[in-house]
Every structure is written in C-alpha cells, then in structure tokens.
Amino acid sequence: MTDLPRKAITRTAKLAALPLGFAGRATWGLGKRIGGRPAEIVAREVQQRTAEQMFKVLGELKGGAMKLGQAMSVFESALPEEIARPYRAALTKLQEAAPPMPSRTVHAALEERLGPDWPELFQEFEDKPAAAASIGQVHRAVWHDGRTVAVKVQYPGAGEALLSDLNQLSRFARVLGPLVPGLDVKPLIAELRERVAEELDYELEAASQRIHVEEYAQDTEIVVPEVVHQSDQILITEWLEGVPLSEVIADGTQEERDRAGQLLARFLFSGASRTGLLHADPHPGNFRLLTGDAPDGPPEQWKLGVLDFGSVNRLPGGLPEPIGIALRMALENDAAGVYDLMRGEGFVKPTIELDPDDLLDFLLPMLEPAQVDAFVFDRQWLRSQAARMADRHSPVYELGNQLNLPPAYLLIHRVTLSTIGVLCQLGATVRMRDELEAWVPGFAADPGSADPESEDPGSKDPGSKDPESKDRAEEDAEEGPAADAGEESSDGAEEEPEAAETSA
C-alpha cells in the first residue's frame, strides 16, 4: 500500500470482500468437517482466518473501515472465550497500530499546511510514525523550542474515505454480524457516522484539548498534554511518555491494572462535570499510565495520561442529573421511582407498559459495580451480562427490546459501556461507587435538596442547568441518531478505538 485508498469503487470492493470472505471460509470449514476433521478445530481455524483478514482489510483501508474495526475491538470482552480468543489479538492491534503513510505523503502534507520551510520548525522529526489510526498518524519530533512533541497528520482524503466507508459498511451491517458474534453493528456504524465531521476538525479538537489542559493543569492524577500548534489537518501537542493501556491490559501487574482502572473511571465521570465535555473515545490507545519517578510504586503516585479529544460530547451542565437519580433509586429498590423517571426521560415510550419490578430486575445486575465498596471488573462478569441480554428465550431479552435509548443519551450510553469494556479488559478492581457519589449529579442523596420526584424528570434537557447553558447546548451539542429499540442489549461493552500517541 502506498497511500490511503480513496477511490470509492476500490474501497467498496475491499469492504465487500469481508462478508464474502467469511462466507467462503464457512464453506471451506464445512468441507473440512465433511472430510472428518473435528468441528471445534475447524471452527477455530475459520475464526482465526476471519480475524486475520479483518485486520488486514480494515487496517489497510484506514478511514471508517478501520474506525469500525477499532470500535469492535473493545467488545471482545463480552464474547464467549472460545469466540473472543481468535479475534482478540487481531482486533487489539487496531488500538495501537496500522499500516503507515509513506514519508513523501507526510512531508507533502506538512509542506502544504505548515509551509515550505516546515523542517525549520523542528529540531528533529522522525519519519517513521509512532502510531497510526483511522484518520491520521502521529510522528514524534522535537519542536524548535526543545519540547518533545507529537505531530498528528491527517490522511489526505480522510473525510471522503470515512463517509464512503461508513455508508458502505452500513449496507453490509447484517452480513458483518458474524465477524464479531453478539454485536449489533448497524447502530454502532450510525453513531460513528455522526462523529465524523467533528473528528476531522483539528481546530475543534485543539479547542477541546485546551479546555481539558486548563482544568487539569494542577490535577495530581490526570495529565493532559498541551497543544503546541494547530493548523488545518495538522495538530501538534506535547509528547506524553507512558505505558499505553493496551500494554497494561496485556502485561500489566495487578497494581497497574487497578490504578489505571480507578483513574479511568474517575476521568470518565469527572470530565463532564469539570469541563462540560465528555471524552467520547475511551479506548486503550487514548490513555497512558504514567509511573514517572515511581515505577515500582506506590500506585497512588501513578497518573493517567489522556490523549485525543477529537470526539467529545458537549454537556455544559455535566452528566444529566436523571442518570444519578435513577441509579440511586435502583440501588434503593425504588422500582416505581425508577420506572416513572425512565418513562419521563423517554427510555420507556408512552405506548409501552412495563412492570416496574421487572424493569428493576432487568437493571440491578448491571449495577453490581455500584452496590459494593470495590468491584472486580472482569470478562466473565461482562460475558454473563451479555449472555443474559442476548438470550432470546429470556424475559430479559424481551424487556430490553421494549426499552428506548433517547438520542440525548446515546453517546453517554456508548462511552459508559466502552469504559466498562476497557475496565473488564484490565481486570481492574475499582471503587466505582466513590466516583459516582463524587461526580454524578443526583446519585448521592442531598438531604437539603428538593424531592427529585417533585420535578418532572422529562422536563430536564440533559446537560442544561440554566438558560445560558441551554443556549450553549443548543449551539454546540450534537445528538446521536435515534437508537434501535434493542440497542441497550446489543452494546456488550465497547470501545471505540483509534490509536496514536495523540491518537489520530
């Protein structure tokens, strides 16, 4: 590959090869079984070949195709081990690496955006990319003032490729399902398409990152690298040295896993409250564990580095208060209160009638992390939740399909599930209830506050607490697409990925 393939017909043909290739390997597997080979061994071989082809095609195409592959990679925690194993290695490669652009293409982009004298802006520039992802790649360099920096260069034609890929993939969504069993691909593709324009706008990304830099400048646990320079399709930030979370997932000690998990949860819930922005791309490639001068501990000195602010959800008032109120009511076994609030917020449509106790029984197993002082997130727990939701003969499955996911909550829902997926990949023990009490409005009951049931929960616009905030939300907030009725049970645990030192 010499450049980002941009011709629609070429990309469409490559994407079409995924479902066709899967069908061909299934036929090959059937032939092997007829020939006497054990079905289990044949199935593993088919899955392995499928995973290898998926990484090759999605990685080479970059754009929306690779973005989908990265997004799918964090769902592997929710799959049965015999299915997840052959996909894990191939898919997780998409979190930290992808075939790079040639140096001449990078140099041409730098010259176009920074001027013909661009080499003079750097004391050093490494042509070999440090990381590559779906819409760009990152090069390590030394800025003219001596700072080590990450230079993110957008692929030529990335916008066109993203839209083309996602449009094509949406047509193949039903056929792509078997590539990662248990994942409903169509809503995921629809939501990714909603984020395209924002992620391509490096000026908007730089602005979002600067907001986080200012807020977390004095924070002793969260680190956000400063923006050094930004121009169209070029973003330069300070280099952040640390252990990628993908490496912690693969080889980290339990202390590293637990610390990374706690800080990831803290950043997820604190970010919206502190900045009015929810980091909407919580996959391992966007985080670093910074051990600094204490690589051997104590873990309390380790920090979490956060990268890539290209995708954010604008929540001027922080996370919607009804989320916290509903969680608290559920943990208090207030079935009627939860039902009334969820109906008011649009999770239960006016035409649907549910038994409040059945709704509470549906929700409580998913809220186990908030019921104890410290919860062990692991793949087995997540698989049990996914299996409970996916059992078509279970009342839980039927109830889940009757619930609605309002557009205003779509991205919050995906980010939360993505983060849970990463926590389960980490196998981290996390004090989740502490973070909910500290950062989620309405979760910690305030004896001096008004009775939350006295408000009409459906009247609150998520993220708005005052008229000025509402005005800003109307100007800036982008709502996700309407969710399919069954999406609540389909998002087993995400992560939408993209990899890079400052993930592209």
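## Charges over rings

In this predicted model, Lys 152 lies over the face of Tyr 202, at 5.1 Å from the ring centre. A second example involves Arg 388, whose charged end sits over the ring of Phe 362, 5.9 Å from the ring's centre.

Side chains of opposite charge can pair when their charged atoms come close. The structure holds 15 salt bridges, and some of them join up: Glu 221, Arg 259, Arg 266 and Glu 435 are linked in a network.

Let's walk through that network. Arg 259 pairs with Glu 221, with 3.4 Å between the closest N and O atoms. This pair links distant parts of the chain, 38 residues apart: Arg 259 belongs to helix 11 (residues 254-275), while Glu 221 is in the loop between helix 9 (202-216) and strand 5 (222-223). Is Arg 259 buried or exposed? With a relative accessibility of 10%, Arg 259 counts as buried, because the cut-off for buried is under 20%.

Arg 266 forms a salt bridge with Glu 435, at 2.8 Å from N to O. Glu 435 lies in helix 18 (residues 432-439) and Arg 266 in helix 11, so this contact ties together parts that are 169 residues apart in sequence. Both Glu 435 and Arg 266 are buried.

## A partly exposed salt bridge

Asp 434 and Arg 431 also meet through their side chains, in a salt bridge of 3.5 Å, N to O. Here Asp 434 is partly exposed, with a relative accessible area of 37%, and Arg 431 counts as partly exposed too, at 40%.

## Aromatic pairs

The structure holds 10 aromatic pairs. One of them is formed by Phe 267 and Phe 287, edge-to-face, with 6.4 Å centre to centre and 70 degrees between the planes. Phe 267 is in helix 11 and Phe 287 in strand 10 (residues 287-290), so the pair links distant parts of the chain, 20 residues apart. Phe 267 is buried at 4% relative accessibility, and Phe 287 is buried at 2%.

Phe 375 and Trp 381 form another edge-to-face pair, 5.1 Å centre to centre with 75 degrees between the planes. Phe 375 counts as buried at 10%, as does Trp 381 at 11%. Elsewhere, Trp 118, Phe 122, Phe 125 and Trp 143 form one aromatic cluster.

## Helix 17

How many residues of helix 17 are buried? The count is 17 of its 20, and the helix is mostly covered. At 1.5 Å a residue, helix 17 (residues 407-426) should span 28 Å, which agrees with the 30 Å between its end C-alpha atoms. Gly 427 follows the helix with a positive phi, near 65 degrees.

Key
Residues numbered from 1 in each chain as written. Predicted model: local features only at pLDDT ≥ 70, side-chain atom pairs only at ≥ 80, totals over all residues. Heavy atoms only, no water. Helix = DSSP H or I, 4+ residues; strand = E, 2+ residues; numbered from the N terminus. Expected span 1.5 Å × (residues − 1). Buried < 20%, exposed > 50% of the residue type's maximum accessible area, 1.4 Å probe, protein only. Salt bridge = Lys/Arg side-chain N within 4 Å of Asp/Glu carboxyl O. Phe/Tyr/Trp six-rings, centres within 6.5 Å; stacked < 30°, edge-to-face > 60°. Lys NZ or Arg CZ within 6 Å of the ring centre and 35° of its normal.
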